Amino acid sequence: MKKNSVSVLAILLITVTGCKKNTNENTTKTDPPTEKKWVVTTVAGTGEASFVNGPVISATFHFPGDVAVNANGEMYVTDLLNFCIRKISLGGVSKLAGGAGFGIINGNGAAAQFKNPYSVTVDRDGNIYTTDENDPRIRKTTPSREVTTLAGVATPGFKDGSADIAQFNPGNSIVANAQGNLYVADAGNNRIRKISVNGQVTTIAGPAPFASPGGIAIDKQGNLYVVDRGNFIIRKITPAGNVSSFAGSGTPGNKDGNAGEAQFSENVRDIVIDEQGNLYLSDGDIIRQVSQQGIVSTIAGSSSGFGDGAGTQAKFNFPSGLGIDAQGNIYVADLNNNRIRKLSFE
C-alpha cells in the first residue's frame, strides 16, 4: 500500500505541475505584433476654398501648392490663390508673408506681394525660398518675414551668371542643401540650375535628357533626385554631374515594381527624401515610395476624393507638393481638397 500511495502521489504531482506550466504559458502568451502601415490624417484646413487664419481645425486655404518643414517642425505652405505664404505652428495657421494682392513687391510680411507662390524650401538658417507659377524670380523670406528677390529678373528666359541678371522660367521646383545652396528644376528650360551661397547661378545638368523637370530633392551625399515629368522617369544627378535613370520605365502609367519596370503617370509632381534615402512622390491622386534600390510601391491614396485612413483607404484630390520632417513624417499639400495632410508610419 505504501508503494502504491507513493506512485499515486507522484502521478498527482506530475499532473498538477503540468497543468501549472500550461496555465503560465496561456497567461504570458501575446499576440503577434501588428504590422506597421502608413496612416493619413488631416493637419489643417476645412476643405473650404477661402482665407481664414486661426486654429488648424478651422483655418482655410485656397489651393495649397507646396509645404516645407523646418528643423523645429514648423510648416510653411504656399497658398496659391491667396497669393501668400502661410505658417503652421503650435496648432495654428497664420500668414507669414504676402497676401496684399496679386503682384511682385518686396517688403515685410503682409506688405509683400506674390503672384501664385508655388514651390517652397527652407534652409539651415530658417530662411524660406519660393518660386512662382506666374513669375520667373526666386524669392527669399527671412524668419523676420522680410521678402526679397534672391535670383532672377522679371523677364523669363535662360541666362547663367550673377543672381541679379540670371534668367529662369516660371513654375519651377526648388530645394536647399545643408550648405545653403539652392537647386532649381527649371522646367521651361529643361535644365537643373544651382544658386550658390555667393549668388552665382550655374547650370549643372540639361537640357538633355530632361523634359519638363519637376520636383527635386537632395540626399545627405549631395545626390539630386529629379522628377523628369515629360519622360516619366526619376533621374539621379551625382555631385560630379553624372545623370542616370533611377526609377521608371519611361512609359506613362501606374505600375509598382522594380526600377526599370515601374511606371509613373503624367501627373507625377513632387519628391522628398528621408534620412534613409527613400524617396516619396505625389503621383496623380496617390503617394508612392521609391526605395534606395529603386523599388516603387504605392503607400497611400487610391481614387480621387477626400478621406483619412490607412494606406490606400485614404483619398487625395490632386496632391501637389510634399514636405518631410526629421522624424520621417510626410506632409502633403492636397491642392483640390484645400487641406494639408500628414502620412505617418505607425
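Trp 38 is buried (under 20% relative accessible area, with exposed over 50% and partly exposed in between, for a 1.4 Å probe and protein chains only), its relative accessible area being 11%. Phe 345, at 41%, is partly exposed. The model is predicted, and local features need pLDDT of at least 70, side-chain atom pairs count only at pLDDT 80 or more, and totals for chains, interfaces and linings use all residues. Residues are numbered from 1 along each chain as its sequence is written, and side-chain values use heavy atoms, with hydrogens and water left out.

Rings of Phe, Tyr and Trp (its six-membered ring) were paired if their centres lie within 6.5 Å, with planes under 30 degrees apart counted as stacked, over 60 as edge-to-face and the rest as tilted. Because Trp 38 belongs to strand S1 (residues 38–44) and Phe 345 to strand S28 (residues 339–345), the pair ties together parts 307 residues apart in sequence; strands are DSSP runs (E, at least two residues), numbered from the N terminus. Trp 38 and Phe 345 form one aromatic cluster with Tyr 280.

For Phe 83 and Phe 102, a centre distance of 5.8 Å and planes at 80° make the pair edge-to-face. Phe 83 is partly exposed at 23% relative accessibility, and Phe 102 is partly exposed at 48%.

A charge sits over a ring if NZ of Lys or CZ of Arg is within 6 Å of the ring centre and within 35 degrees of the ring normal. The charged end of Arg 193 lies over the ring of Phe 168, 4.6 Å from its centre, and that of Arg 339 over the ring of Phe 306, 3.7 Å from its centre.

Methods: Helix = DSSP H or I, 4+ residues; strand = E, 2+ residues; numbered from the N terminus.
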